[in-house]
Amino acid sequence: MKLLKTIFLAVTTSVLLSACMGLPFEPKTDAGVQCKVDCGFRANDCIGSPMNCDNAHRRCINGCRDIDTFELKKQQDKSP
């Protein structure tokens, strides 16, 4: 019974933590791609606690989403 509780707790924890990761980001513009690449390089060079580095990477990717959305809107406004 104790083993079953441990397995249930492990599965529940992994599901909850994976839900906190956010949606995957697939850039649609060159600026979005470059931003995502830069975030990856910065994440590899991050010095500090893993939690701080993960938070910084998450904020960087969210910024890339904003840049990508802005560039898409700018491209749509230019097209006839």
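Which cysteine does a disulfide join to Cys39? The partner is Cys60, with an S to S distance of 1.8 Å. This report covers a predicted model.

## Disulfide inventory

The structure holds three disulfides. Number the bonded cysteines of the protein chain in sequence order, and the pairing reads 1-6, 2-5, 3-4. Each link is taken in turn below.

## Cys39 and Cys60

The link of Cys39 and Cys60 has -85° about the S-S bond, which makes it left-handed. Cys39 lies in helix H2 and Cys60 in helix H3, so this pair ties together parts that are 21 residues apart in sequence.

Are these cysteines buried or exposed? Cys39 has 1% relative accessibility and counts as buried. Cys60 has a relative accessible area of 18%. The cut-off for buried is under 20%, so Cys60 is buried.

## Cys35 and Cys64

Cys35 and Cys64 form a disulfide with their sulfur atoms 1.9 Å apart. The angle about the S-S bond is -80°, and the link is left-handed. Why does this pair tie together parts of the chain that are 29 residues apart in sequence? Cys35 sits in helix H2, while Cys64 sits in helix H3. Both Cys35 and Cys64 are buried.

## Cys46 and Cys53

Cys46 and Cys53 also form a disulfide, with sulfur atoms 2.0 Å apart. Their link is left-handed, at -85° about the S-S bond.

Cys46 counts as partly exposed, at 31% relative accessibility. Cys53 is buried, with a relative accessible area of 13%.

## Helix H2

Helix H2 spans residues 30–44, 15 residues in all. From its first C-alpha to its last it reaches 21 Å. That is close to the 21 Å expected at 1.5 Å a residue.

Which residues of H2 are buried? They are Gly32, Cys35 and Cys39. These residues cover an arc of only 60° around the axis, so they lie on the same side of H2. Asp30, Phe41 and Asn44 are exposed on the other side of H2. The cover over the buried residues of H2 includes helix H3 (50–78).

## Nonpolar core

The largest nonpolar core has six residues. They are Phe25, Cys35, Cys39, Cys60, Ile61 and Cys64. H2 and H3 each supply at least two residues of this core. H3 gives the largest share, three residues.

The core list includes Cys39 and Cys60, which are joined by a disulfide. It also includes Cys35 and Cys64, which form a disulfide as well.

## Contacts of Phe25

What does Phe25 touch, leaving aside its neighbours within four places in sequence? It is in contact with Gly32, Lys36, Ile61, Cys64, Arg65 and Asp68. Gly32 is one of the buried residues of H2.

Definitions and conventions: Residues numbered from 1 in each chain as written. Predicted model: local features only at pLDDT ≥ 70, side-chain atom pairs only at ≥ 80, totals over all residues. Heavy atoms only, no water. Helix = DSSP H or I, 4+ residues; strand = E, 2+ residues; numbered from the N terminus. Expected span 1.5 Å × (residues − 1). Buried < 20%, exposed > 50% of the residue type's maximum accessible area, 1.4 Å probe, protein only. Arc of directions from axis to C-beta. Contact = heavy atoms within 4.5 Å. Core = buried A, V, L, I, M, F, W, Y, C linked by side-chain atoms within 4.5 Å. Disulfide = S-S within 2.5 Å.
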